[in-house]
Amino acid sequence: MNAEFELLVRSCGIARNLPVYGAVVQTQLPEGFNEAAFVNMAIQHKTAATAREGLKKLGITLNQENSLRLKCVAMQNRLIQSLIFEDAHTIVEAARARDIPMLIFKGLASSIELYGDPFIREYTDLDILVNLPDMEPLIPLMKEEGYEPEVFPPFPNTKRGGDRIFMKLRHVVFYKTGRPFGVEIHSRAGWENEFFRRDDLDAVFERAVTLRTSGSGLPAPDLPDHSLIILSHGVHHAWCLLHWLLDAAAILACEDTPLHDTIAARVRSLDLQGQLKLTCELVRKLYPIDLSPALESVTAGARGLDNAVKFAFTRLQSGGKDISSISNKLAYQFTYSFPLLRNSREKAASLLSLFKIPQLEMDALPLPRPLAFLYIPFRPFFILKRRIKGLREKRTRLHV
């Protein structure tokens, strides 16, 4: 690790009360330390507020320009979190009124469940899981609250949505004028396309808990279920952001033996030993955490993950900036994901995913089935168009 990333890891660990490698008190930065690069890393990893708190505990003060920049980003994120917290309660209440089964998960829910405070962990969107086969019932609900979907209905093209060469929508993002964040909603279809698809979604909803906050409570997966969701989501993205890995570290470091026993049992039943082993190895590269006997036992049989761990560690240090390159996508398939897949059928499906055509592209340029191969040469055009559109919409939302 370079000096800037090492300090980011250590300061964030201290802020989250994790054991760390190196000094817990440090008043001077090493010679040649690049403060601007450190601040950029903290922003890229969505840990500006956490890093700032950690620097205070260490005793380090950045120069005025970099200190102000880090503070501004932290304050901006805190404002966004407040708006997300407010809208989460509003949307949950609207769902209850319509008898729509809904859970808050990841960002906001993780902050409450893992740290006991809705504003400790950074997050910049609201993640919601609904126990419905598609998004249609959510449209009127979200529109009443002022949210419009990024992709307008009908969401799947029902005539070709089940075709194996087309990529199904994993989730739909809703935006509201004046809100600088999106509400990302996952249905059963999205759940079944993720790593944690092996779990029983109905059982997850049955075990759900209510997170008590100011105002009405927020429904969320219970901590063992949420831990597996955090694990699977991080693994799916090769743990390329530190703020995801901090959650995994918090789960591994907590001294809750019953929780670890339950997680270990669930990991074994879902055959996720490789995912847990990879996560444990990656976390322990950054933080000296001793695994509980239950977690140590369930990961003991996982082998052949050294290259996958190296791949994830490289992606983590870059903050995922190179994750969309063609070379990275190939390395992800062959070096990273293959050791985590259970059989040749899963590996074949993983390879096929490289060539699947997103629903957005199919709807933007409808073609007969015999001409579907023509989507492939148009992919760079669609990707560039989506990125330009996304940047424009983000700029518009931030300036409303």
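Colleague: In which sense do strand β2 and β6 pair, and over how many bridges?
Modeller: This is a predicted model. Strand β2 covers residues 126-130. Within this pairing, D127 stands opposite E184 in β6. The sense of β2 and β6 is parallel, and the number of bridges is four.

Colleague: How does strand β5 run relative to β6, parallel or antiparallel?
Modeller: Strand β5 spans residues 172-176, and four bridges join it to β6. Y175 in this region stands opposite G182 in β6. The two strands run antiparallel.

Colleague: Which residue in the turn between β5 and β6 has a positive phi?
Modeller: β5 and β6 form a hairpin. Five residues lie between the two strands. The phi in question is about 90 degrees, and it belongs to G178.

Colleague: Why is strand β6 described as largely enclosed by the rest of the structure?
Modeller: Buried here means under 20% relative accessible area. G182, E184 and H186 point one way from β6, V183 and I185 point the other way, and all are buried. Strand β6 (residues 182-186) is therefore largely enclosed, with a buried count of five of the five residues.

Colleague: How far is E35 from the nearest side chain of opposite charge, and which residue is that?
Modeller: E35 is found in helix α2, residues 35-44. E35 is buried yet has no salt bridge. A salt bridge would need a side-chain nitrogen of Lys or Arg within 4 Å of a carboxyl oxygen. The nearest side chain of opposite charge is 10 Å away, and it is R69.

Colleague: Which residues does E35 touch, not counting those up to four places away in sequence?
Modeller: A touch counts when heavy atoms lie within 4.5 Å. With residues up to four places away left out, the residues E35 touches are L29, L62, N63 and N66.

Colleague: How much space lies in the second largest pocket, and which elements give two or more residues to its lining?
Modeller: The second largest pocket holds about 310 Å³ of space. Of its 17 lining residues, the closest to the centre are A49, T50, E53, F119 and I120. The elements that give two or more residues to the lining are α3 (48-58) and α4 (64-97).

Colleague: What share of the contacts in the protein chain with a separation of 6 or more comes from residues 24 or more positions apart?
Modeller: The protein chain has 18 helices and nine strands. Of its 400 residues, 51% count as buried. For contacts with a separation of 6 or more, the share from residues 24 or more positions apart is 74%.

How values were computed: Residues numbered from 1 in each chain as written. Predicted model: local features only at pLDDT ≥ 70, side-chain atom pairs only at ≥ 80, totals over all residues. Heavy atoms only, no water. Buried < 20%, exposed > 50% of the residue type's maximum accessible area, 1.4 Å probe, protein only. Lys, Arg positive; Asp, Glu negative; His and termini not counted. Pairing = 2+ DSSP bridges. 1 Å grid on protein atoms, 1.4 Å probe; cavity = no way out; pocket = protein on both sides within 12 Å on 5 of 7 lines; lining within 4 Å. Points joined across faces, edges and corners; volume = space filled by probe spheres on them.
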